[in-house]
Amino acid sequence: MPDPTPTDWGSRYAAGTTPWDLGRAHPELVDRLPALGPPGRVVVPGAGTGHDARALAQAGWQVTAIEFVARLADRLHNAVGPAGQVVIADALDWAPEEDVDLVFDHTFFCAIPLRRRPEFGSWAATVLRPGGRIASCVFPFGRPLSEGGPPFGMSTSDLAGSLGSGFELTVDEPAAHPRRRPWSTRWAEFVRLPA
């Protein structure tokens, strides 16, 4: 299926047409924060208005929030705090100076044009240290790709296919599902294997 015209994310935020923004951190992230282990360095690609980044920062993580829309920079700086970093860029083109411990995905992978999905796996292998993890709210789980996007339908196996053999799936479970979203959500975690 061909990808649609690129989404003008800046215009969507300017108009307030952001149905993916829950107005708070995803409840599954909040519930699972203690199980993510001791805080370290985390990257939040497609950080949007910063709700998830804020929850991670408040839990002690050193957050790098990456967002394509420059107008959100001030909100993100406020969300990540003085120990955090905000990067305005295409996340798939960004690389850290030092490997990170965690990548948190919530409505990032599902917004990537389908032809670029393989780049996510290459990017994750570049930014994560061996033993580092990806935690993902797999959404919209069960939405047919024929319906287009973004958000494009995704499954844990779609994410696994993008990541390839350098990652191991360790968690794949049903997740909290905000009522206003018409498709279900799963929680998946992958560990980057040693080279």
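In what order do the 7 strands of the open sheet lie?

The model described here is predicted. Its open sheet of 7 strands has the order E3-E2-E1-E4-E5-E7-E6, and the pairing is mixed. E3 and E6 are the edge strands, each pairing on one side only. On average, neighbouring strands of this sheet are turned by 15 degrees against each other, direction ignored.

One pairing can be followed in detail. Strand E1, residues 41-45, and strand E2, residues 62-67, run parallel and are joined by 5 bridges. Within this pairing, Arg41 stands opposite Gln62 in E2.

## Helices on the sheet

Helix H4, which covers residues 73-80, lies across E2 and E3. The direction of H4 is at about 155 degrees to E3. Helix H5 also packs on the sheet, where H5 touches E1, E2, E4, strand E5 (128-141), E6 and strand E7 (184-192). The direction of H5 makes about 145 degrees with that of E5.

## Nonpolar cores

As background, nonpolar side chains in soluble globular proteins tend to be buried together. In this model the largest nonpolar core has 27 residues. Leu36, Leu56, Phe104 and Trp187 are the residues with the most contacts inside this core. At least two core residues come from each of E1, helix H3 (51-58), E2, H4, E4 and E5. H3 supplies the largest share, 3 residues.

Which residues does Phe104 contact, leaving aside its neighbours within four places in sequence? They are Leu29, Val42, Val43, Val44, Pro45, Asp52, Leu56, Ala135, Cys137 and Trp187. Two of these, Leu56 and Trp187, are themselves named with Phe104 among the residues with the most contacts inside the largest core.

## Salt bridges around Arg32

A search of the whole structure finds 10 salt bridges. One of them joins the side chains of Glu173 and Arg32, at 2.8 Å from N to O. Because Glu173 lies in strand E6 (residues 167-174) and Arg32 in helix H2 (residues 27-32), this pair ties together parts that are 141 residues apart in sequence.

Are the two partners buried or exposed? Glu173 has 35% relative accessibility, so Glu173 counts as partly exposed. Arg32 has 16%, which means that Arg32 counts as buried. Arg32 and Glu173 also belong to a network of salt bridges that links them with Glu28.

## Salt bridges around Arg116

Arg116 forms a salt bridge with Asp90, and the closest N and O atoms of the two are 2.9 Å apart. Arg116 lies in the loop between strand E4 (100-106) and helix H5 (117-127), while Asp90 lies in the loop between strand E3 (85-88) and E4, so the pair ties together parts that are 26 residues apart in sequence.

The side chain of Arg116 also meets that of Glu119 in a salt bridge, at 2.9 Å from N to O. With 16% relative accessibility, Arg116 counts as buried. Glu119 has 34% relative accessibility and therefore counts as partly exposed.

Definitions and conventions: Residues numbered from 1 in each chain as written. Predicted model: local features only at pLDDT ≥ 70, side-chain atom pairs only at ≥ 80, totals over all residues. Heavy atoms only, no water. Salt bridge = Lys/Arg side-chain N within 4 Å of Asp/Glu carboxyl O. Helix = DSSP H or I, 4+ residues; strand = E, 2+ residues; numbered from the N terminus. Buried < 20%, exposed > 50% of the residue type's maximum accessible area, 1.4 Å probe, protein only. Pairing = 2+ DSSP bridges. Axes fitted to C-alpha atoms, helices over the stretch in contact; angles between N-to-C directions. Contact = heavy atoms within 4.5 Å. Core = buried A, V, L, I, M, F, W, Y, C linked by side-chain atoms within 4.5 Å.
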